[in-house]
Number of protein chains: 4
Amino acid sequence: MTRIAILGATGYTALELIKILLRHPGAEIVAVTSRQEGQPPIAMVHPSLTDRLDLRLEDITPAEIAARAECVFSCLPHGASSAVIPHLLAAGTRVVDFSADYRLNDPEVFAQWYGQKHTDPDRLGKVVYGLPELFRSQIPSAQIVANPGCYPTTAILALSPLLKAGLIETSDIIVDAKSGVSGAGRTLKLTTHYPECNESISAYNIGRHRHTPEIDQILSTAAGKPIEVIFTPQLVPMDRGILTTAYARPTGPVSEEQLMQTLAAFYADEPFVRVVEHLPSTKDCALTNYCDITARLVRGRVLTISCIDNLIKGASGAAVQNFNLMFGYPETTAL
Amino acid sequence: MTRIAILGATGYTALELIKILLRHPGAEIVAVTSRQEGQPPIAMVHPSLTDRLDLRLEDITPAEIAARAECVFSCLPHGASSAVIPHLLAAGTRVVDFSADYRLNDPEVFAQWYGQKHTDPDRLGKVVYGLPELFRSQIPSAQIVANPGCYPTTAILALSPLLKAGLIETSDIIVDAKSGVSGAGRTLKLTTHYPECNESISAYNIGRHRHTPEIDQILSTAAGKPIEVIFTPQLVPMDRGILTTAYARPTGPVSEEQLMQTLAAFYADEPFVRVVEHLPSTKDCALTNYCDITARLVRGRVLTISCIDNLIKGASGAAVQNFNLMFGYPETTAL
Amino acid sequence: MTRIAILGATGYTALELIKILLRHPGAEIVAVTSRQEGQPPIAMVHPSLTDRLDLRLEDITPAEIAARAECVFSCLPHGASSAVIPHLLAAGTRVVDFSADYRLNDPEVFAQWYGQKHTDPDRLGKVVYGLPELFRSQIPSAQIVANPGCYPTTAILALSPLLKAGLIETSDIIVDAKSGVSGAGRTLKLTTHYPECNESISAYNIGRHRHTPEIDQILSTAAGKPIEVIFTPQLVPMDRGILTTAYARPTGPVSEEQLMQTLAAFYADEPFVRVVEHLPSTKDCALTNYCDITARLVRGRVLTISCIDNLIKGASGAAVQNFNLMFGYPETTAL
Amino acid sequence: MTRIAILGATGYTALELIKILLRHPGAEIVAVTSRQEGQPPIAMVHPSLTDRLDLRLEDITPAEIAARAECVFSCLPHGASSAVIPHLLAAGTRVVDFSADYRLNDPEVFAQWYGQKHTDPDRLGKVVYGLPELFRSQIPSAQIVANPGCYPTTAILALSPLLKAGLIETSDIIVDAKSGVSGAGRTLKLTTHYPECNESISAYNIGRHRHTPEIDQILSTAAGKPIEVIFTPQLVPMDRGILTTAYARPTGPVSEEQLMQTLAAFYADEPFVRVVEHLPSTKDCALTNYCDITARLVRGRVLTISCIDNLIKGASGAAVQNFNLMFGYPETTAL
């Protein structure tokens with residue numbers, strides 16, 4: 001039984017994480033933190049947890065957290081996460097970080113995209129990117145894992161095998177992605193006010209979405225060459241799910257069959273990637289840790305279509321997958 | 001051509017009002033007000049108005065408003081509306097008030113349900129309730145009209161004819177109502193944050209919703225006897241529309257046919273009430289000024305089902321209907 | 001390990017049942033049936049089952065089913081279910097029936113509401129109604145369990161404790177219920193075509209919905225007196241969830257606290273009923289086997305508000321709860 | 001007053017067309033046709049038309065139609081439309097055709113994409129493509145206008161000005177488009193059954209959507225060079241709206257400002273195209289005849305984002321815009 005603390009427990013990824021951990025035979029949630037006043041029971045903040053988790057929100061120090069928990073899931077926003085994690089690591093606690101703070105290797109890139117100086121720059125480049133499909137071997141021994149962003153998960157899982165196989169060019173990659181509204185979090189904003197975003201689709205943060213350098217970095221690693229993608233995030237009126245359509249130029253003559261076989265071979269042993277013949281719907285993956293991927297060849301251009309549940313494979317499911325690898329549970333436990 | 005000012009122009013009812021007035025041959029919008037900083041163009045606040053209304057939001061005094069406009073639509077919240085309206089009336093301006101400030105006759109009842117003392121109590125009881133189907137004759141000459149609430153419109157239009165005909169008891173009336181989310185306004189709240197209210201239905205404000213005394217008052221007038229309804233508002237994941245199912249006991253033997261004939265006769269000449277045989281959907285009325293009504297007799301109990309678009313017949317369409325009556329335009333103009 | 005067959009596996013309740021059983025340590029799905037041509041893999045009909053259940057749909061005889069399975073979940077429609085179940089029972093197979101075929105005690109009532117003569121009338125009245133909260137003791141030894149309807153579950157769980165305690169009258173009970181669209185099944189109909197029912201709410205089958213006699217029967221049993229409810233089903237634009245607001249007259253002076261305490265005491269030991277202080281949202285129960293219930297006293301009238309996920313506690317979750325009781329698994333297994 | 005017949009009046013584009021024409025001072029609807037049995041009143045098929053249009057569906061011959069109407073809007077599917085239109089034209093009736101039958105110039109291309117031989121091939125290439133923004137001058141005198149497809153409208157309006165200005169390459173154009181469900185029509189299909197497509201997004205018909213050759217043809221005309229786009233249609237859970245994100249390579253150094261100025265200049269006098277600085281939402285155009293367009297430069301790639309209401313500017317609004325031009329009404333009448 002592993003004692004777990006969840007930092008920043010009032011948001012959607014934390015709620016989803018709790019629901020998964022409640023059915024995990026090896027997980028015991030011992031603390032849920034928030035700066036919210038009054039230390040309400042967590043079920044007051046998340047009514048769906050009524051009678052399921054009898055804990056109050058607490059505002060406690062890293063030392064107190066480390067004293068209680070062996071594993072910390074940090075659902076804090078970027079900046080806040082890296083303010084507390086060094087203390088936890090120093091105390092010997094293991095960490096799965098949902099924020100972007102330890103995903104990028106280069107403090108300069110972080111500063112450029114996040115508009116602030118990284119406060120723990122020396123650790124950058126030494127933290128494993130928690131996508132088991134690409135970096136599984138480094139996860140079991142890691143003290144800290146940077147849990148991937150939701151959009152990057154769809155783009156990276158779809159494109160990496162084709163890049164590694166040298167089937168697509170590294171330039172001119174377009175990632176056109178569509179996400180459900182839960183991806184925007186629980187903080188109130190006009191853009192996610194129901195009558196504003198319901199029955200409407202729109203693009204946002206074009207050219208400056210912070211998942212861009214993350215996709216760049218991991219795809220560059222896969223390709224062994226620098227990649228800069230064109231990334232277009234779009235907001236879709238649904239709770240959860242991301243569908244990503246990516247476009248790339250083939251390096252040479254290639255058939256749709258080859259593309260599919262390359263994907264299928266790459267993920268043959270993966271428990272959570274399904275290479276499918278049909279065009280997947282986000283609903284097929286909803287509430288699961290699956291990523292569904294297919295590929296098409298259209299007028300000489302390679303297309304990949306991939307989808308996930310942004311709160312599961314795009315956040316909390318991936319985090320538990322990492323947790324399972326870190327603590328020696330079967331990788332699919334509770335997923 | 002009537003010069004019009006709209007107070008509190010950043011919300012949904014104001015937006016809807018503007019869209020209607022833009023196709024009204026007799027309406028000229030001369031001012032849109034808000035306390036919002038910086039006097040942005042209204043199209044920045046409502047992007048759908050781009051290229052359609054070239055005005056900036058202004059924060060101007062009642063005197064300035066009265067100097068410019070012959071008719072004021074006040075989309076201000078309760079309390080704020082009655083703070084400015086007396087000044088407008090004193091200056092000779094005519095007013096359609098969207099707030100609840102002048103709907104109730106009794107300042108005590110207002111204080112009890114709205115939790116504040118009315119600041120213009122002497123006027124209460126002298127303002128016409130702007131439901132033309134019941135009070136048309138008083139509207140053309142009125143200087144101020146209290147535009148009805150959205151829920152009350154559905155309940156009152158469905159039940160009044162049956163009460164007036166003495167077909168249903170005045171006690172034990174239940175009004176079970178379901179509204180789309182735009183009814184909750186544009187102010188950010190957790191309950192109307194997309195991932196909270198999407199794919200979910202819930203009741204709210206049971207026993208204390210402020211439309212209760214309004215329904216009571218108008219139905220009591222219709223019946224000539226005091227009525228206190230049981231009113232249950234519920235929030236439905238859709239932008240617009242209210243469906244109200246009301247339950248009443250018949251005063252004596254009655255057939256479904258009689259109920260329907262009573263409704264049909266009562267509304268025979270009404271341009272915006274459709275007494276329909278089928279069970280109406282809110283979508284049938286969406287974006288229109290119609291109220292669809294039907295009645296059923298189930299195991300000896302009378303049921304009425306009525307629906308409207310809460311932003312049109314439940315707010316801005318009704319307001320323009322009143323405006324048309326006040327200023328001598330054909331009642332259906334622009335509707 | 002219990003060998004399970006699922007009849008009528010192409011619909012939503014079957015899909016949901018499969019998803020639950022896939023995480024049940026004691027369940028082995030050995031057959032999924034359908035009259036669909038060509039015996040496609042079930043994952044072609046339900047793409048979300050890709051890589052999760054490697055079975056083909058089969059059109060096999062009751063004898064073949066009985067030879068393979070110890071337990072049959074019948075997701076067939078009414079009429080079709082009672083055509084096959086007698087054969088299964090004769091062969092010694094145990095059955096959880098999702099249809100309405102064995103819920104009613106009286107063949108006359110069945111014929112009246114379902115418009116067809118019951119083909120297995122002698123068994124009616126001898127089959128336990130599979131609501132463990134009321135009839136748990138009869139389930140473990142039952143060879144067949146009639147799984148409750150979705151609407152009835154919400155009404156019965158909310159009202160039974162108050163009727164048993166004699167707190168509410170047996171006459172004049174109103175059940176105003178709102179359901180998500182999955183409740184209408186997977187058969188194509190104009191009313192559930194997306195652009196028809198999206199962004200709209202409407203009532204349907206008023207006075208003739210087939211869940212009416214089922215609610216009547218079980219509430220009458222609870223009260224020890226005949227009850228005939230006014231039942232109004234309404235279709236809400238969301239995938240899943242039922243919210244039921246019921247109205248009843250108190251038998252004498254009663255406080256809201258008494259109502260709540262009666263409910264809380266009745267369900268004190270129930271794993272899947274949560275008596276909550278707040279007004280519940282269907283989303284709180286979504287994807288769970290919970291029923292959330294609260295009560296209010298409004299102007300002398302008793303209100304209960306209850307909600308469930310119609311596909312889980314209203315169908316497949318309840319079925320697995322019954323299965324667990326029948327086969328000696330802990331009642332909450334996989335739920 | 002122009003006498004109008006609408007062929008195939010049971011679908012969504014016909015309903016939308018009727019609603020627009022009902023507020024058109026010069027339009028009189030004299031016939032609505034359908035092969036539906038029993039000639040029901042149109043309000044039985046479209047309840048929202050109750051009390052608004054008192055016509056029955058009729059199954060009448062082209063000769064009868066031509067005898068009654070000066071203008072025919074054909075909302076028939078492809079193939080069916082070209083079976084009747086030659087008779088109408090021979091009789092001197094003018095036609096706005098919603099189908100794809102007269103949009104393509106080349107019968108071979110039609111046969112290839114629509115899988116059937118064109119039955120009126122000689123007329124192809126002589127029918128004006130009814131996009132006034134590009135072909136206005138040919139519309140007033142046209143006897144028949146091919147009303148554009150919904151997806152093509154968004155792609156063509158966004159890209160044509162940049163192609164005409166020589167700012168983007170003609171190769172490697174990607175059109176990633178997302179549509180609401182009404183675009184799939186009113187015919188029942190599993191993919192548009194509410195619980196299937198709600199809360200889900202998916203791509204469909206990749207590489208073989210029939211709007212592809214239409215986009216190719218008009219963009220090729222604009223560019224003066226053959227263009228073959230990569231077109232990806234995707235289904236979004238909302239009633240109406242299309243958002244299209246297109247990607248193109250610039251022909252040389254270009255700034256975002258230049259792109260925007262080119263668009264703004266091109267559409268300076270257009271009543272229904274708004275070149276906007278912000279990233280538009282489909283909701284901004286909902287229920288209007290506007291197309292909102294913006295452009296961005298991302299990492300050296302040109303992006304256009306454009307959106308419309310697929311039922312208005314993408315179908316019935318455009319049809320009325322064409323009708324206005326054909327019959328000498330002000331172009332914006334009723335729009």
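## Two domains in chain A

In this predicted model, the domain assignment of chain A gives domain 1, made of residues 2–148 + 314–327, and domain 2, made of residues 150–310. The C-alpha centres of domain 1 of chain A and domain 2 of chain A are 24 Å apart, and 20 residues of domain 1 of chain A are in contact with 23 residues of domain 2 of chain A.

On the side of domain 1 of chain A that touches domain 2 of chain A, the elements that give two or more residues are α5 (107–114), α6 (132–135) and α12 (312–327) of chain A. Among these, α12(A) gives the most to that side, with 5 residues. By class, the side of domain 1 of chain A that touches domain 2 of chain A has 12 nonpolar, 6 polar and 2 charged residues.

## Where chain D meets chain A

Between chain D and chain A, 33 residues of chain D are in contact with 33 residues of chain A. The side of chain D that touches chain A receives two or more residues from each of β8 (174–179), β9 (202–203), β10 (230–235), β11 (242–248), α11 (282–285), β13 (291–298) and β14 (301–308) of chain D. Sorted by class, the residues of this side of chain D comprise 16 nonpolar, 8 polar and 9 charged.

Chain D is superposed on chain A, with an RMSD of 0.0 Å, by a rotation of 180° with 0.0 Å of shift along its axis. Because 100% of the interface residues of chain D are also interface residues in chain A, the copies meet through the same surface.

## Where chain A meets chain C

The contact between chain A and chain C takes 10 residues from chain A and 10 residues from chain C. On the side of chain A that touches chain C, the residues divide into 3 nonpolar, 3 polar and 4 charged.

The same surface serves both copies, since 100% of the contact residues of chain A recur in chain C.

## Strand β14 of chain B

Strand β14 (residues 301–308) of chain B is largely enclosed by the rest of the structure, because 7 of its 8 residues are buried. Strand β11 (residues 242–248) of chain B pairs with β14(B) in the antiparallel sense over 7 bridges, and within this pairing Tyr247(B) stands opposite Leu303(B) in β14(B).

Strand β13 (residues 291–298) of chain B also runs antiparallel to β14(B), and 7 bridges join the two; here Asp292(B) stands opposite Cys307(B) in β14(B). β13(B) and β14(B) form a hairpin with 2 residues between them, and in the turn Arg299(B) has a positive phi of about 50°.

## Helix α1 of chain C

Helix α1 (residues 12–22) of chain C has 10 of its 11 residues buried, so this helix is largely enclosed by the rest of the structure. The buried residues are Tyr12(C), Thr13(C), Ala14(C), Leu15(C), Glu16(C), Leu17(C), Ile18(C), Lys19(C), Ile20(C) and Leu21(C).

What covers the buried residues of α1(C) includes elements from two chains: β1 (2–7), β2 (27–33), β4 (71–74) and α12 (312–327) of chain C, together with α8 (194–197) of chain D.

Methods:
Residues are numbered from 1 along each chain as its sequence is written. Chains are lettered from A and ligands numbered from 1 in the order in which they are written. This is a predicted model: local features need pLDDT of at least 70, side-chain atom pairs count only at pLDDT 80 or more; totals for chains, interfaces and linings use all residues. Two residues are in contact if their C-beta atoms, placed from the backbone, lie within 7 Å. Helices (H or I, at least four residues) and strands (E, at least two) are DSSP runs, numbered from the N terminus. Ala, Val, Leu, Ile, Met, Phe, Trp, Tyr, Cys and Pro count as nonpolar, Asp, Glu, Lys and Arg as charged, and the others, Gly among them, as polar. Copies are superposed by least squares on the C-alpha atoms of residues with pLDDT of at least 70 in both. A residue is buried if 20 or more other C-beta atoms lie within 10 Å of its own, exposed if 12 or fewer, and partly exposed in between; C-beta atoms are placed from the backbone. Two strands pair if DSSP finds at least two bridges between them. Domain bounds come from an automatic or database domain assignment.
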